[in-house]
Amino acid sequence: MGDARELLVVGAGPAGMAAAWRAAQNGLRVSVVDDNPAAGGQIWRGGPAEATVWFERIRSVDVEMINGARVFQQLRPGTLLAETTSGVCELNYSSVVLATGARERFLPFPGWTLPNVMGAGGLQALVKTGLPIEGKRVVVAGSGPLLLAVAAYLRGRGANVLMIAEQASSMQLARFAVGLFSKRSQALELKRQLKGVPYRSGCWVSEAHGTEKLEGVTLARGRKSWRVACDYLACGFHLVPNVELAELLGCSIESCSVKVDAFQQTTVANVYSAGETTGIGGLELSLVEGEIAGLAAAGKHDAARELFAVRATQRKFADLLNRTFALRDELKSLSTPQTIVCRCEDVTLERLQGHKSWRAAKLQTRCGMGPCQGRVCGSAVEFLFGWRAESVRPPMLPVRISSLIRK
Amino acid sequence: MSETVTLAVNGITVEMPAGSMVSAAILKTGAHAFRRSVTGEPRGPLCGMGICFECRVTIDGEQHCRSCQTVCRNGMDVRTDG
């Protein structure tokens with residue numbers, strides 16, 4: 001269908017699926033491109049029961065799904081390039097919805113590079129895709145509601161979840177609990193699934209131990225610290241939006257999120273964005289933003305307007321979420337001078353200290369210049385030093401030479 | 001989902017449910033170091049979603065494949081660099 005495509009949606013998570021469904025329902029010819037082998041994004045990986053209604057909606061309309069394709073470059077306005085295992089595809093469009101989601105924020109601490117220290121969502125993804133976790137001792141740590149969902153999931157698969165360490169204080173969490181009113185049934189269900197698992201607020205991992213792989217962690221809470229033996233550490237500090245593609249297309253970024261108007265349009269005409277990419281807000285916000293973007297792209301502005309109230313409610317929850325799980329300053333002093341900050345290039349903290357910007361640090365140390373292109377260390381150096389990435393250059397990801405010359 | 005696929009990780013045969021990722025198969029064999037970092041540290045998967053590039057391995061002779069984004073296939077030959 002190539003040239004006849006009217007809307008391209010990048011990202012097949014909840015926001016992308018909602019956008020594609022609404023746009024296709026209103027007559028647009030839609031394609032969804034995603035780098036994963038199947039639709040659903042991270043949260044609906046494997047197509048869980050609670051997502052059935054959305055998978056059915058997307059099947060009920062005529063939408064082309066392009067899976068396993070990683071967008072890496074803009075050839076010209078209106079055309080993106082994506083790499084697949086078999087080659088490169090040119091994706092033409094009149095409008096595009098960027099629903100590229102979020103990734104976990106990782107912070108460096110001694111031992112965090114050891115095998116079996118993973119993201120919270122990282123370990124969950126591995127278990128969802130075949131890793132047996134039964135009987136394994138797991139410490140879940142970091143920050144954010146994802147920790148609870150991951151702990152409950154792992155426990156349901158037979159893991160021995162030793163504890164959940166949340167860096168936010170009990171006071172911050174209490175305010176969050178009050179604001180959770182609308183999500184009360186979800187919260188109670190999680191509580192039931194996690195019965196008996198200690199949940200410690202104001203607590204974090206200060207060190208991971210082991211030589212060839214993880215053997216245990218040191219936990220810190222107030223002045224107390226203690227050691228726990230474990231097989232896996234699932235550790236992530238809330239989420240950060242994936243804004244690289246939006247930046248590449250020239251969209252304005254504000255507070256690390258893609259800036260959008262009331263109809264989810266970015267500062268570039270016909271480029272929309274929805275979901276975590278526009279700010280971390282959870283599943284329901286992603287869905288309603290996706291719907292609004294899809295409707296707006298199809299020219300159905302009145303129908304989109306009808307969803308504004310739902311979005312406003314969800315945004316309030318998002319604000320509360322982000323205030324609650326703001327990172328505490330103590331986490332800035334976990335690393336020793338020898339702790340690696342950039343895992344791709346093995347750049348230690350001491351080599352970064354003294355530089356004035358990330359650009360300067362990059363030029364001198366190669367921090368952020370490895371295969372991940374700063375996707376892991378970028379949010380860490382922002383937290384540690386206040387450095388911001390200045391630009392995104394194509395290709396956004398390491399690709400085959402043949403993809404660049406498009407043979 | 002009783003269907004399974006069989007592949008080899010560093011010469012060890014491993015059976016996985018169909019649809020599993022190579023990263024999970026590697027860990028199932030007991031291997032934990034997927035690669036060595038530029039200074040020789042052992043590394044394994046971190047993000048599980050194709051962003052960190054820590055889970056790179058050699059699959060059927062092709063280097064630098066992200067094992068967390070690659071679905072297991074029958075007869076696959078996976079080599080870690082750990």
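In which strand of chain A is the place of A:Glu215? A:Glu215 belongs to strand β14 of chain A, residues 214-221. The structure is a predicted model, in which local features need pLDDT of at least 70, side-chain atom pairs count only at pLDDT 80 or more, and totals for chains, interfaces and linings use all residues. Residues are numbered from 1 along each chain as its sequence is written, while chains are lettered from A and ligands numbered from 1 in the order in which they are written. Helices (H or I, at least four residues) and strands (E, at least two) are DSSP runs, numbered from the N terminus.

The predictor assigns the complex an ipTM of 0.97 and a pTM of 0.95. For chain B the mean pLDDT is 95, with 98% of its residues at 70 or more; pLDDT is the predictor's confidence in each residue, from 0 to 100.

A:Glu215 is partly exposed because 16 other C-beta atoms lie within 10 Å. A residue is buried if 20 or more other C-beta atoms lie within 10 Å of its own, exposed if 12 or fewer, and partly exposed in between, with C-beta atoms placed from the backbone. Not counting residues up to four places away in sequence, A:Glu215 touches A:His209, A:Gly210 and A:Ala229; contact requires that the C-beta atoms, placed from the backbone, lie within 7 Å. A:Glu215 and A:Arg393 are separated by 178 residues in sequence and by 39 Å in space, C-alpha to C-alpha.

Several backbone features lie in loops. The peptide bond from A:Pro394 to A:Pro395 is cis, with omega near -10°, and A:Pro395 is placed in the loop between α13 (377-385) and α14 (401-405) of chain A. A:Cys256, a residue other than glycine, has a positive phi near 65° and is found between β18 (253-254) and β19 (257-258) of chain A. A:Asn270, also not a glycine, has a positive phi of about 65°; its loop joins β19 and β20 (271-273) of chain A. A:Cys256 counts as partly exposed because it has 15 C-beta neighbours inside 10 Å.

Chain A also contains an open sheet of three strands in the order β4-β5-β6, with antiparallel pairing. Because β4 (70-76) and β6 (88-92) of chain A stand at the edges with a single partner strand each, one side of each is left without a neighbour in the sheet. Five bridges join β4(A) to the antiparallel strand β5 of chain A, residues 79-83; two strands pair if DSSP finds at least two bridges between them. A:Arg76 stands opposite A:Thr79 in β5(A).

Helix packing can be followed in α8 (residues 283-297) and α10 (residues 308-324) of chain A, which pack at an angle of about 145° with their axes 9 Å apart. Axes are lines fitted to C-alpha atoms, for helices over the stretch in contact, and angles run from 0 to 180 degrees between N-to-C directions. Residues of α8(A) in this contact include A:Leu285 and A:Val288, and those of α10(A) include A:Val310 and A:Arg311.

Finally, 31 residues of chain B are in contact with 30 residues of chain A. On the side of chain B that touches chain A, β2 (12-17), α1 (22-28) and β4 (42-43) of chain B give two or more residues. The largest share, five residues, comes from α1(B).

Key
Contact = placed C-beta atoms within 7 Å.
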